[in-house]
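Hello,

Here is the structure I said I would hand over. My notes on it follow below.

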Amino acid sequence: MSENDPIWPAVAAARQWLDLSNGTLPLEMTCRILKVTEEAGEAAQAWIGFLGQNPRKGVTHSREEVAAELADVAFTALVAIASLGLDPRDALTGCATKVQDRFERPWPPLP
Ligand SMILES: [Mg+2]
């Protein structure tokens, strides 16, 4: 990701649109965070559809559709972070750094 990616302007635009449409009271912030769960459910539905787990429906989704639903989860989370008045780039960088640090530690942990 770079500064020229369309991600960050789109996140800012989505947050602004929601702020103007729904306000910024705590209930609205709650809904934006819950929206991540809604999108995660859609990703799970797509994966189940990819596997064809429901014999009545068969295979209903492609791998690309699953990826698109997972991207919805990530984007929705970034909008929720921005809605908290925080920079989602910083939050994402902090998360990536935390994960990377885990890989750089000895395993199993030294006593
Ligand atoms: Mg979705």
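Subject: what was found

From the N terminus on, the chain's elements run α-α-α-α. The model is a predicted one. In secondary structure the chain comes to four helices and zero strands.

Overall dimensions

The radius of gyration of the chain is 18 Å, whereas a compact globule of 111 residues would have one near 13 Å. Taken along the principal axes, the C-alpha atoms fill a box of roughly 55 × 45 × 30 Å. Of the 111 residues, 15% are buried. Among contacts with a separation of 6 or more, 56% come from residues 24 or more positions apart.

H2 and H3

Two packed helices are described by the angle between their axes and the distance between the axes. For helix H2 (residues 26–51) and H3, the angle is about 170 degrees and the axes are 8 Å apart. Angles over 145 degrees count as roughly antiparallel, and H2 and H3 are therefore roughly antiparallel to each other. On the H2 side, the residues that meet H3 include Met29, Ile33, Val36, Ala40, Trp47 and Phe50. On the H3 side, those that meet H2 include Val66, Leu70, Val73, Ala77 and Ala80.

Aspartate 72

Where does aspartate 72 sit? Aspartate 72 is found in helix H3, which covers residues 63–83. Is aspartate 72 buried, exposed or partly exposed? A residue is buried with 20 or more other C-beta atoms within 10 Å and exposed with 12 or fewer; aspartate 72 has 18, so it is partly exposed. Apart from its neighbours within four places in sequence, aspartate 72 is in contact with Glu39 and Glu42. The C-alpha atoms of aspartate 72 and alanine 43 are separated by 8.3 Å, and the two residues are 29 residues apart along the chain.

The largest nonpolar core has seven residues, namely Val11, Ala77, Leu78, Val79, Ala80, Ile81 and Ala82. H3 gives the most to this core, with six residues. One of the core residues is isoleucine 81. Neighbours within four places in sequence aside, isoleucine 81 is in contact with Leu86, Pro88 and Ala91.

Helix H4 (residues 88–104) has 17 residues and reaches 24 Å from its first C-alpha to its last, close to the 24 Å expected at 1.5 Å a residue. H4 is hardly covered, with one buried residue among its 17.

Regards

Technical notes: Residues numbered from 1 in each chain as written. Predicted model: local features only at pLDDT ≥ 70, side-chain atom pairs only at ≥ 80, totals over all residues. Helix = DSSP H or I, 4+ residues; strand = E, 2+ residues; numbered from the N terminus. Contact = placed C-beta atoms within 7 Å. Rg over C-alpha atoms; globule rule 2.2 N^0.38 Å. Expected span 1.5 Å × (residues − 1). Core = buried A, V, L, I, M, F, W, Y, C linked by C-beta atoms within 7 Å. Axes fitted to C-alpha atoms, helices over the stretch in contact; angles between N-to-C directions. Parallel < 35°, antiparallel > 145°, perpendicular 65-115°, else oblique.
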